[in-house]
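Hi,

Here is the structure I promised to pass on. Have a look at it first, and then read my notes below.

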Amino acid sequence: MSPELEQELVRKYPALFTDYGATPDRSLMAFGFECGDGWFDLLDVLCAQLTALDPATDDNGDAWPIRAMQVKEKYGTLRFYVGPATDEALTLIGFAEAMSARICETCGDRGRTRGTGWLKTLCDPCAEKEGYADAPAEAKLP
C-alpha cells in the first residue's frame, strides 16, 4: 500500500495501529500494510468497525484493546491479524477477508482471484495489465 494511504489509516485509527513502525522483533507492523491500494476502503471500513467495539476482557476483567499485528495479502486475499479480540471482532475480520476475494487489490473495482501459482484478486483490466491468467475452475472461489 502506498505510504500516503498507510499513514491515513494509522492517523485515523492510532489505537489499532500502535505497533505501526515498530521494529520487526516487536511487531510485523514494522513492514507496514503489505497489500495493494485497492483494499484501502475495505480496510478503512473494517478499522472503523473494530474501533467501535468494546475491547476484549480477560477473566480478571482487564480490558485488552484490539491491536493489529499484521496486515497483508496471502493467497490472493486480505489477512488481518490481531492480538486478543472478541468473537464479534473476529467475525468482522473474517467478513472483510472474504470480501477481499471480490475486490481488486490494485484499483478497488470488482475483482476475482486469479493465477495458478501466485494468486491475486484483480479486475479484468488490472489482470491484463499485470499479466495474470485466470485461475483454473477448481481454484476459483464461489
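Contact here means heavy atoms within 4.5 Å. With that cut-off, and leaving aside residues up to four places away in sequence, Asp37 touches Met1, Ser2, Leu5, Glu105 and Thr106. Before I go further: this is a predicted model.

Staying with Asp37 for a moment, you'll find this residue in the loop between E1 and H2. Buried or exposed, or something in between, for Asp37? Its relative accessibility is 34%, so Asp37 counts as partly exposed. The Asp37 side chain gets to the backbone nitrogen of Ser2 at 2.7 Å.

Next, the helices. H2 covers residues 40–52. With its 13 residues, H2 reaches 18 Å from the first C-alpha to the last, close to the 18 Å expected at 1.5 Å a residue. Which residues of H2 are buried? They are Phe40, Leu42, Leu43, Asp44, Leu46, Cys47 and Leu50. The cover over the buried residues of H2 includes H1, the strands E1 (33–34), E4 (68–74) and E5 (77–82), and helix H3 (87–99).

Two of those neighbours are helices, and I looked at how each is placed against H2. Take H1 (residues 3–12): its axis and that of H2 come within 11 Å and cross at roughly 10°. Angles under 35 degrees count as roughly parallel, so H1 and H2 are roughly parallel to each other. On the H1 side, Leu5, Glu8, Leu9 and Lys12 make the contact, and on the H2 side Phe40, Leu43 and Asp44 do. By class, the residues of this contact between H1 and H2 are four nonpolar, no polar and three charged.

Now H3. Its axis is 10 Å from that of H2, and the two helices pack at an angle of about 175°. That makes H2 roughly antiparallel to H3. Here H2 contributes Leu42, Leu46, Gln49 and Leu50, while H3 contributes Ala89, Leu92, Ile93, Ala96 and Met99. The contact of H2 with H3 has eight nonpolar residues, one polar and no charged ones.

On to Lys120, which sits in strand E7 (residues 120–122). The cut-off for buried is under 20% relative accessible area, and Lys120 has 18%, so this lysine is buried. What does the Lys120 side chain pair with in a polar contact of 3.0 Å? The partner is the side chain of Glu130. Not counting residues up to four places away in sequence, Lys120 touches Gly76, Glu105, Thr106, Arg112, Thr113, Arg114, Glu130 and Tyr132. Glu105 and Thr106 are also among the residues that Asp37 touches.

Last one: Gly83, in the loop between E5 and H3. Gly83 has a relative accessibility of 21%, so it counts as partly exposed. Leaving out residues up to four places away in sequence, Gly83 touches Arg67 and Met69. Asp124 is 41 residues from Gly83 along the chain, and the C-alpha atoms of the two are separated by 36 Å.

Cheers

Methods
Residues are numbered from 1 along each chain as its sequence is written. This is a predicted model: local features need pLDDT of at least 70, side-chain atom pairs count only at pLDDT 80 or more; totals for chains, interfaces and linings use all residues. Side-chain values use heavy atoms; hydrogens and water are left out. Helices (H or I, at least four residues) and strands (E, at least two) are DSSP runs, numbered from the N terminus. Buried means under 20% relative accessible area, exposed over 50%, partly exposed in between (1.4 Å probe, protein chains only). A polar contact is a pair of N or O atoms within 3.5 Å; within protein, one must be able to donate a hydrogen and the other to accept it, and residues adjacent in sequence count only if both atoms are side-chain atoms. Axes are lines fitted to C-alpha atoms, for helices over the stretch in contact, and angles run from 0 to 180 degrees between N-to-C directions. Angles under 35 degrees count as roughly parallel, over 145 as roughly antiparallel, 65 to 115 as roughly perpendicular and the rest as oblique. Ala, Val, Leu, Ile, Met, Phe, Trp, Tyr, Cys and Pro count as nonpolar, Asp, Glu, Lys and Arg as charged, and the others, Gly among them, as polar. The expected span of a helix is 1.5 Å times one less than its number of residues.
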